[in-house]
Amino acid sequence: MSVILTLLAALIASGACAYHRTGLRTWAIATGVTTLVVGLLAGAPVTTVVLLIIEAAIAVPLLMPAFRRRQISAPLLKIFAKVTPKLSDTEQTALEAGTVGFEGELFSGKPDWHQLLSQPKPELSVEEQAFLDGPVEQLCAMIDDWQITHELGDLPPAVWEFIKKNKFFGMIIPKQYGGLQFSALAHSAVLQKLATMSATVASTVAVPNSLGPAELLLHYGSEEQKNHYLPRLAVGEEIPCFALTGPYAGSDATSLTDYGIVCKQVVDGAETLGVKLTFDKRYITLAPIATVVGLAFRMYDPEHLLGDKEDLGITLALLPRSTPGLQIGRRHFPLNIPFQNGPVHGKDVFAPLTTLIGGPHMAGHGWRMLVECLSVGRAISLPSNATGGVRMAVAATGAYARLRKQFGLSIARFEGVEEALARIGGLTYATAALSRATAAAVDRGEKPAVPSAIAKYHATEWGRIVAGDAMDVHGGKGVQLGPKNYAGRSWQGVPIAITVEGANIMTRSLMIFGQGAIRCHPYVLKEMQALSIADYGDRLKTFDRALFGHIGFGISNAVRSFTLGITGSAIGDAAGDAYTRRYYRKLNRYSAALALCADVFMGVLGGKLKFKEKLSARLGDVLSYLYIASAMLKRYEDTGRPEADRPLLAWAFHECVWRMQMALDGAIRNFPVRPVGWLLRVLVFPFGRREVPPSDRLGRRVAALITAPGEARDRLTQWAYLTPTANNTVGRMCALLPDVIAAEPVERKFQKAQKAGQFVSRDYDSQLLEAVKAAAITEGEAALLKRVRDASFEFISVDDFDPKELRAAVVRDEPTGKGLADAA
Ligand SMILES: Cc1cc2nc3c(=O)[nH]c(=O)nc-3n(C[C@H](O)[C@H](O)[C@H](O)COP(=O)(O)OP(=O)(O)OC[C@H]3O[C@@H](n4cnc5c(N)ncnc54)[C@H](O)[C@@H]3O)c2cc1C
């Protein structure tokens, strides 16, 4: 017994040190003293001595840096150098681009919540709010999405004009160049609001403000290029596009086959140095009407006109539309969301070297330029458009489910519909928090490489789920296209968001964890970087420091994961209030579990993990859900811990944690080295999988929140265009919602009388009169019922067409659409 007690005391002391991440010296002292005291008090001198010898054998050599480096780190450095896959230049560039924000804490196994909660609350400036309330509101009032998507296949000329005049294309351009110089939050809010009215308009506005000529010029352009282009881009005098993708270069953009050969050509009578470009690009947004084309190509200098190097690498140029030989103007047709998108071709097109972005010295730096700028646009464009879409789904589906009656009840009352409504509400809460967090990261000056991939993937995936649920709840009303259908086009366009700016399967399987593990891990990148240090002494020193930090980190995460697992996340540091404290603790647990699994997976599989995409994707999911859950908690704090939002937060949080658990379970279950998988299972799930998805009762509360006016619903639909204008069916439907709800008890009285056989008339209006006569309802109540029924009819109605009208839509004489012809 005394032996067990002594062993246990030593184990607990070691565990406590590992849990709290003390240094080796503290561990040696704490464990030594505990062993000595407990061992002697318990009367186990032999065990005490043996344990002290073991502890000393571990601590002493490790606490002698010179010895440790020579005997342990040096041989390990050799092995590490052999097994570490050499990073390609492309991977190296991707890893070096971007910064690490709070996601680094989530990867640490012990997040510092104070760091998250002390970040400034993202807010719009007065000027930005005025823009949302002014030009954005006016633009929304001009949008007729049916006209755009069906009749014109383009934005009408007045909308183009309004967008340009009000500088919607200049949101990221500084004021000194005539732009709006908006914060990322404002940029996101504008896109969200536009997306609630038209995916086509939102996409059109998003592209010039994302990765493209303006962004690239701002970072790398010469003064001359900036002064020429930026003021013109800001007011839409120049329409930009950026052409990277081609038939052979999609997800793997670096495999582009487009090339430029350095040569001399006489231009306007003068011999000019330039590149002869041959390219075949496709899917390029705004290309059909672009006046300036950003072009990515590989540049070669076979005659060594610029220097020794022949293959200079990926290079970026800006070609004016008037460039001889540029073939541009044809359109693709992306899933009935007819924003301008098309191919761009050219054969032996001459472009002077002055067209290279940044000038000739930037030749070959194109990939780095793209990757460095990618995260900022990716953090905003797609996440914001998706967030606008889900916000509108809350507004529309919440109202429609309340006013649409079947079996004598609002369809919102049926549990099956309630399930879909709960998903719409909960996922919208999560998506909105995620978008806000990534915009805030950009505004803090970060280049959020990993969060932007998380945001792009999850906002669009959840957008897909929500769009599907919204369609299901709308039934035939969602299916029948026409001016009255406000849901169908958003649903149709979902795969576009899934595909662009990093197709989702690749983003999930390759990028989130692949970049996250190396960038956010506190030691892996340092270990890898140590390999490239030329001086052996420095290399060994750096490697040794990172390696032993890493070992301590791994042990700590194993202990933390196990301890928090067996206690059901009931202990440990936490932030928040009495309601959210348990949430922070749960995240502590899964952060430790992720850090542990990441280390074990990387350690055991090494470079092969890159090809085990299904494992990598699942670990990426855990990182993503940790990030999203943190974003929700931050939003809850920033909005003053509103009690009304708690069901939404709870639903979305449980969904995230449940998904985290399932992702970890899947990763461990499929880990190829089974004994390692078994060990991980014990450390991560000591009592099995205990997390459960949101309960039905919680789902009911969420559904109730989104089907009635209220502050939580208002926050969920923030920035949705809900003004009840003639072009905004959803706005008008939401405006009717209070009356719909007020009419419900009256309707029940009316139905009771109806069922009791009190009416002889067959039509509704006459029955209302009879109900008043029979004193089943009052005159005022009858008027309310009639008003609601009449107004609701518009919302439950769908369109029908003369067959000729539909034929005309399919067999168009004018394939480019009227609007395009006018605008071009
Ligand atoms: C409407 C629209 C607008 C666009 N706008 C522009 C633009 O303005 N400028 C521009 O340059 N490009 C643009 N693109 C191109 C867009 O970025 C590419 O479509 C995207 O990069 C994917 O390339 P791909 O379509 O060729 O798919 P592919 O590369 O053929 O991929 C097909 C599938 O394989 C998956 N996949 C590929 N590699 C991997 C991997 N290693 N691991 C796991 N899965 C993988 C992908 O995720 C995808 O699901 C646009 C595309 C569309 C559809």
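Select S251 and the ligand: a polar side-chain atom of S251 lies 2.7 Å from an oxygen atom of the ligand, a polar contact in the sense of a pair of N or O atoms within 3.5 Å. The model is predicted, so local features need pLDDT of at least 70 and side-chain atom pairs pLDDT 80 or more, whereas totals for chains, interfaces and linings use all residues. Residues are numbered from 1 along each chain as its sequence is written, and side-chain values use heavy atoms, without hydrogens and water.

Next, display the backbone of F242, where an N or O atom lies 2.8 Å from a nitrogen atom of the ligand. At T285, a backbone N or O atom is 3.0 Å from an oxygen atom of the ligand. The protein buries 69% of the 970 Å² that the ligand exposes when taken alone (Shrake-Rupley method, 1.4 Å probe).

Of its 20 residues, F242, T245, S251, Y283 and E613 come nearest. The shell comprises 12 nonpolar, six polar and two charged residues, with Gly counted as polar and Tyr as nonpolar.

Finally, move to helices α4 (residues 65-83) and α22 (residues 536-566), which pack at about 90° with axes 9 Å apart. The two helices are therefore roughly perpendicular, the class for angles of 65 to 115 degrees. Their contact (heavy atoms within 4.5 Å) includes I72 and F80 of α4 and L540 and F548 of α22. The contact residues divide into 10 nonpolar, one polar and five charged.

Definitions and conventions
Near = heavy atom within 4 Å. Polar contact = N/O pair within 3.5 Å; in protein donor to acceptor, adjacent residues only side chain to side chain. Axes fitted to C-alpha atoms, helices over the stretch in contact; angles between N-to-C directions. Helix = DSSP H or I, 4+ residues; strand = E, 2+ residues; numbered from the N terminus. Parallel < 35°, antiparallel > 145°, perpendicular 65-115°, else oblique.
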